[in-house]
Amino acid sequence: MGRDGKLTWVVCGLLLAATVLNYLDRQVLSLTAEKIVAEYHTDKAGFGELIAAFRLSYAAVQIFGGWIVDSFGSRIVFSAAVGIWSCAGMLTGAA
């Protein structure tokens, strides 16, 4: 296997790691449901509305995401998305 083949697998591994982290990050709301309900003094219906709002906004952004990738290319968009998502995670941790 040449240098290009190895680089391809490294890139695939990085993409897999980013995808797994993204998936795990979306599961945090479900894992912390009891703490969120207790902290904000809401009931399960209120928490369900929070989850629905998150998922609807996520789905709405995905519609535009395809257009953005087609316009700017996957390399630029994926790099920017990982950077923005990392900054958002750091700001969440700081809060």
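In this predicted model, helix α5 (residues 74–94) gives the most to the lining of the largest pocket, with eleven residues. Helices here are DSSP runs of H or I with at least four residues, numbered from the N terminus. A pocket is an open set of points on a 1 Å grid over the protein atoms alone, with protein on both sides within 12 Å along at least five of seven lines, and its lining residues have an atom within 4 Å of a point. The largest pocket has a volume of about 870 Å³, a volume being the space filled by probe spheres set on the points, which are joined across faces, edges and corners. Its lining comprises 24 residues, and Asn22, Phe78, Ala81, Val82 and Trp85 lie nearest the centre. At least two residues of this lining come from each of α1 (3–26), α4 and α5. By class, 15 of the lining residues are nonpolar, eight are polar and one is charged, where Ala, Val, Leu, Ile, Met, Phe, Trp, Tyr, Cys and Pro count as nonpolar, Asp, Glu, Lys and Arg as charged, and the others, Gly among them, as polar.

The second largest pocket, with a volume of about 290 Å³, is lined by Asp25, Arg26, Val28, Leu29, Phe54, Trp85, Ala88, Gly89 and Thr92. Two or more residues of this lining are given by each of α1, α2 (28–31) and α5, and the largest share, four residues, comes from α5. The lining of the second largest pocket divides into five nonpolar, two polar and two charged residues.

The axes of α4 (residues 44–72) and α5 come within 7 Å and cross at roughly 125°; axes are lines fitted to C-alpha atoms over the stretch in contact, and angles run from 0 to 180 degrees between N-to-C directions. The two helices α4 and α5 are therefore oblique to each other, a term for angles that are not under 35 degrees (roughly parallel), over 145 (roughly antiparallel) or 65 to 115 (roughly perpendicular). Ile68, Val69 and Phe72 in α4 meet Ser74, Ile76 and Val77 in α5, contact meaning heavy atoms within 4.5 Å. Of the residues in this contact, five are nonpolar, one is polar and none is charged.

In the loop between α3 (33–39) and α4, His41 has a positive phi of about 50° although it is not a glycine. His41 is exposed, with a relative accessible area of 73% (exposed means over 50%, with a 1.4 Å probe and protein chains only).

Residues are numbered from 1 along each chain as its sequence is written, and side-chain values use heavy atoms, with hydrogens and water left out. Because the model is predicted, local features need pLDDT of at least 70 and side-chain atom pairs count only at pLDDT 80 or more, whereas totals for chains, interfaces and linings use all residues.

Key
Buried < 20%, exposed > 50% of the residue type's maximum accessible area, 1.4 Å probe, protein only. 1 Å grid on protein atoms, 1.4 Å probe; cavity = no way out; pocket = protein on both sides within 12 Å on 5 of 7 lines; lining within 4 Å.
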